[in-house]
Amino acid sequence: MSELSGRELAAAIRADVTARAAVAHPRLAVVTATDDGGSAWYVRSIATAAAKVGIACDVVDLGAGASARDIAAALRGPAGDDAVHGVVLQTPLPAGVALEDLTAEIPPHKDVDGANPLSLGRLAAGLPAFAPATAEAVVTLLEHHDVALAGRHAVVVGRSTVVGKPALHLLLDRNATVTVAHSRTTDLAAVTRTADVLVAAVGRAGLITPEHVRPGAVVVDVGTNPTEDGGLAGDVAPEVASVASGLTPVPGGVGPVTTALLLRHTVEAAER
Ligand code: NAP
């Protein structure tokens, strides 16, 4: 079994972004309204990674008490500011605030994490758009490790707007035959065992066990589930390594590529 690490690829993307950022001087704004510890850690990691590649990053932290109106106002600032090239709205949002009511505030040309429904619509229609960085990380990581997609059966477990649905379109664009499974799928293991390439984007530690995987399949683990000891566990049980021909590690697989692609989208937005 080969480990399909994302670290080398992420470093290569960051090196490219560093060179381009020195010319384009990109600026990213991240709006956050939560006291969720995992989210705070992720926002800090974006800000640190941005600083390292020469992207200015403004974090607007509204706190968990923010209303939809506060968040919309905080998004309109960078959305209308020509000096800001990328805008990200961090999740989770405060209880009762709907993500889909707010993402339309991010103009598509600054929507570097593909959150605006227009971006997903353009992606589905095969038009240029920023894809959500996590979904793009899945296919970019597979391509980096020379995993063939054309004509092969990809099964995506999870149908969220941020990962599962955009991953479906990106895999289809690469001529895979794609099945999307979810919590209402009957006999998940019977479906996932038909996959040449299995993508787990669920948010349940160890959901995918060896019985879900056809021997020799390639498995991409998007899951990032906090463990009691402060670490991270994927959606894929470690025993899957004995069945799969390739498996992405957690941490060190999809995660670092996701952050690197978010930065690449920001420099692309600044270059336009
Ligand atoms: P989400 O919005 O909660 O969606 C989870 C999906 O999994 C839903 O479509 C749900 O089905 C499905 N599901 C839940 N239980 C299931 C089961 N027992 N069998 C089959 N499907 C099941 O989560 P998300 O935002 O897509 O995130 C998924 C995972 O990726 C999480 O662990 C998250 O932390 C991680 N993530 C990682 C990165 C990264 O950079 N590495 C970035 C984003 C997210 P229904 O639609 O039927 O409810």
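These legends go with close-up views of a predicted model. Residues are numbered from 1 along each chain as its sequence is written, and side-chain values use heavy atoms, with hydrogens and water left out. As this is a predicted model, local features need pLDDT of at least 70 and side-chain atom pairs count only at pLDDT 80 or more, while totals for chains, interfaces and linings use all residues.

**View 1. The chain splits into domain 1 (23-111) and domain 2 (133-255).** Those bounds come from an automatic or database domain assignment. Between the C-alpha centres of the two domains there are 27 Å.

**View 2. Helix α2 (residues 37-53) has a buried side and an exposed one.** Helices here are DSSP runs (H or I, at least four residues) and strands are too (E, at least two), numbered from the N terminus. With 17 residues, α2 spans 25 Å from first C-alpha to last, close to the 24 Å expected at 1.5 Å a residue; the expected span is 1.5 Å times one less than the number of residues. Its buried residues are S39, V43, I46, A49, A50 and V53. Buried means under 20% relative accessible area, exposed over 50%, and partly exposed in between (1.4 Å probe, protein chains only). Cover for the buried residues includes α1 (7-24), β2, β3 and α9 (254-271).

**View 3. Helix α3 (residues 68-79) buries I71, A72, A74, L75, P78 and A79.** These residues cover an arc of only 160° around the axis, which puts them on the same side of α3. Among the elements covering them are β2 (27-32), β3 (56-61), β4 (86-89) and α4 (99-102).

**View 4. Six strands make an open, parallel sheet, in the order β1-β11-β8-β7-β5-β6.** At the edges are β1 (2-3) and β6 (177-181), each pairing on one side only; two strands pair if DSSP finds at least two bridges between them. Inside the sheet order, β5 (residues 153-157) and β7 (residues 197-200) share four bridges in the parallel sense, and V157 stands opposite A200 in β7.

**View 5. S119 lies in helix α5 (residues 117-124).** At 2% relative accessibility, S119 counts as buried. Beyond its neighbours within four places in sequence, S119 is in contact (heavy atoms within 4.5 Å) with P108, D111, G114, A129 and F130.

Notes: Arc of directions from axis to C-beta.
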